[in-house]
Each structure stands twice: as C-alpha cells, then as structure tokens.
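Please look over the sequence and the model before reading on.

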Amino acid sequence: MFYDEHGKHVRTKKEILDKNGNVRDGCSIIPKGEVYESHLFTVKNKDFKSKAFTGEVKKMYTKFINNYVKDEAQKLSVLQPEVFICQ
C-alpha cells in the first residue's frame, strides 16, 4: 500500500517517488501483509449508556413523532418504568 503526503492511498509506487527515485518526505509504504490501520475505534462514551440519556432521547422522539399526529387519541406517550415488588 502506498500513501502520499496527505495520507491518501495511491495506486503505484511511482506516484510517491521524487525525480531521483527516492520516496518523498511524508509518503509511506506499507509492505504487503502488514496492518495498515490499527486504531479503528475509540473509547466508548459512557453517557450514551446512561438511563438519563435514554430517557431524554425517548422523550425527544416521542415529541417529534407527536408533532405529525393530528388525532389526540393516537399520540404517543413515554412509558414510565414500573416498579415491581418481589415477595
């Protein structure tokens, strides 16, 4: 894999060579079979897994959908979590 100064993939080695046949500064060559992308994902944002975030998103989408519903009887409501008492 050949990459130019801007990190863009180029098809041939000739595209990254200078007039003397040397690899230009900033260009890189990654040999066949080696890993060329090692950081595909970042750390998860824990806010997206919180119950507060989920509740706000439910309310937001319910309000958004209800803007397009004309009949009051068919409008949606956000369900409140029920509390179950185990005996």
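In which sense do strand β1 and β3 pair, and over how many bridges? Strand β1 (residues 2-3) pairs with β3 in the antiparallel sense, over two bridges. Two strands pair if DSSP finds at least two bridges between them; strands are DSSP runs of E with at least two residues, and helices are runs of H or I with at least four, numbered from the N terminus. The model is predicted, so local features need pLDDT of at least 70 and side-chain atom pairs pLDDT 80 or more, while totals for chains, interfaces and linings use all residues. Residues are numbered from 1 along each chain as its sequence is written, and side-chain values use heavy atoms, without hydrogens and water.

The open sheet has three strands in the order β2-β1-β3, paired antiparallel. β2 (9-10) and β3 (28-29) are at the edges with a single partner strand each, so one side of each has no neighbour in the sheet. Within β3, Ser-28 stands opposite Tyr-3.

The structure also holds two aromatic pairs. Rings of Phe, Tyr and Trp (its six-membered ring) pair if their centres lie within 6.5 Å; planes under 30 degrees apart count as stacked, over 60 as edge-to-face and the rest as tilted.

| Pair | Centre to centre | Angle between planes | Type |
|---|---|---|---|
| Phe-48 and Phe-53 | 5.1 Å | 70 degrees | edge-to-face |
| Phe-64 and Tyr-68 | 5.5 Å | 75 degrees | edge-to-face |

Buried means under 20% relative accessible area, exposed over 50%, and partly exposed in between (1.4 Å probe, protein chains only). Phe-53 is partly exposed at 34%, as is Phe-64 at 47%. Tyr-68 is exposed at 63%.
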